[in-house]
Amino acid sequence: MQNQDFPASFLKKGAKKLFRVILYFGFLCVTVLLLLEACYRLYIFDFYGGNFKGLNPNELTYSKDSDPKVLALGDSFTADPLGYVGHLRDSLLNTRVFNAAVPGTTIKQSGLMARKRFRKVDPGVVIYQVYVGNDLFEYKHRTKGSSISTIRKVYWWLSDRLWVIGYINAKMPAIRQTVANTSPVEFDPKTLADYDPATYSRRVKLQFQTEPRLISNSVFLSGKREKDFEAYAKKVKDLTDKVDTGKNILIVVIPHCAQVSAQYQSNMEKIGAKFEEQLNHQQIIYPFLERLSAKLERPGLSMINTLPVLQKAERISPVFYGNDPHLNSFGQTIIGNEVIDRLRELGYN
């Protein structure tokens, strides 16, 4: 009888031991994650220091420190090495232009790194680039919709609360590449000149799957996005408040391509976007812009609404990639010219 009880007793003890190991491992993971989150929120380490060095190899080694300085923050529109920041550098020969933008980020991340960048550069002008297309989406993700996987919903829910998770996820491709010693093979929709719904940017399609009216909700602050906008605008204001009094701030507002022309709007509909039919999505002054301008009003701060000049330029040649919502080189030049005009008004050349 004792021999028959032995396997069951042994298995029971083994199960308890395994449970304790799993519990301990889970506790350890949660503790490490919370410590990383604390370090990230307090920005104890320069998590985006590599991006900053990579985008400013000449500016950081330039010896003439007396030249006036401009610092640009934003997402992939500003981080583009061939984008408008490069145009500023080529045109403003007596001004040092620093690029502190990071692709795939929003005001959360810019707000964290702002003080460190301000101390490092001590700019006379700070540029903060806003993107109407998905800033509110990236600030707070929607986690409803049957077309979105449970894993994706859980990741978005967690990353909205533990910001370091998004940072880790963004770094994973580089980590995998280093471990496997291989270069990732990824299809870039920007390489296609013509619009193709089948191969259009997967990230944009995913956004429309979870929030079909994302563009309308962002532009007109509808569909519960008004509440998200209030929190988002407060973060932007917190960033501008960190800029010393007497220095200038330029808020460069980049619209979604659907705001630039009816053709782009039609293209978005073909990949899942839905629009409020009674609203004019190409109107030059719109709620997102008006409300943000009112929230940020302070001496030395001015808004650059790039929608009118992009609409005008679009009549000459496309300003966005055919298969991706980012500005092409022509569109980036148009943005750069607008910023240059403002900077020259402030005495930068």
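Modeller: Start with helices H15 (residues 307-314) and H16 (residues 329-345), whose axes cross at roughly 140° and come within 10 Å. Keep in mind that this is a predicted model.

Biologist: Which two values describe a pair of packed helices?

Modeller: The angle between the axes and the distance between the axes.

Biologist: How are H15 and H16 oriented to each other, and why?

Modeller: Angles over 145 degrees count as roughly antiparallel. The angle here is roughly 140°, so H15 and H16 are oblique to each other. The crossing of H15 with H16 is right-handed.

Biologist: Which residues make the contact between H15 and H16?

Modeller: H15 supplies Val309, Leu310 and Ala313. H16 supplies Phe330, Gly331, Ile334, Ile335 and Glu338. By class, this contact has 6 nonpolar, 1 polar and 1 charged residues.

Biologist: Now H5 and H11. What are their angle and axis distance?

Modeller: Helix H5 covers residues 107-121 and helix H11 covers residues 225-241. They pack at about 5°, with axes 9 Å apart. Angles under 35 degrees count as roughly parallel, so H5 and H11 are roughly parallel to each other. On the H5 side, the contact uses Ile107, Ser110, Gly111, Ala114 and Phe118. On the H11 side, it uses Tyr232, Lys235, Val236 and Leu239.

Biologist: What lines the second largest cavity?

Modeller: The second largest cavity holds about 30 Å³. Tyr195, Tyr200, Cys257, Tyr264, Asn267, Met268, Tyr321, Gly322 and Asp324 line it. Helix H13 (residues 262-269) gives the largest share of that lining, 3 residues. The classes are 6 nonpolar, 2 polar and 1 charged.

Biologist: And pockets? What is the volume of the second largest pocket?

Modeller: About 210 Å³. Arg142, Thr143, Lys144, Thr210, Glu211, Pro212, Asn217, Gly223 and Lys224 line the second largest pocket. That lining divides into 1 nonpolar, 4 polar and 4 charged residues.

Terms used
Residues are numbered from 1 along each chain as its sequence is written. This is a predicted model: local features need pLDDT of at least 70, side-chain atom pairs count only at pLDDT 80 or more; totals for chains, interfaces and linings use all residues. Side-chain values use heavy atoms; hydrogens and water are left out. Axes are lines fitted to C-alpha atoms, for helices over the stretch in contact, and angles run from 0 to 180 degrees between N-to-C directions. Helices (H or I, at least four residues) and strands (E, at least two) are DSSP runs, numbered from the N terminus. Angles under 35 degrees count as roughly parallel, over 145 as roughly antiparallel, 65 to 115 as roughly perpendicular and the rest as oblique. Contact means heavy atoms within 4.5 Å. On a 1 Å grid over the protein atoms alone, a cavity is a set of points where a 1.4 Å probe fits but cannot get out, and a pocket is an open set with protein on both sides within 12 Å along at least five of seven lines; lining residues have an atom within 4 Å of a point. Grid points are joined across faces, edges and corners, and a volume is the space filled by probe spheres set on the points. Ala, Val, Leu, Ile, Met, Phe, Trp, Tyr, Cys and Pro count as nonpolar, Asp, Glu, Lys and Arg as charged, and the others, Gly among them, as polar. A crossing is left-handed if the near helix is turned anticlockwise from the far one by less than a right angle, and right-handed if clockwise.
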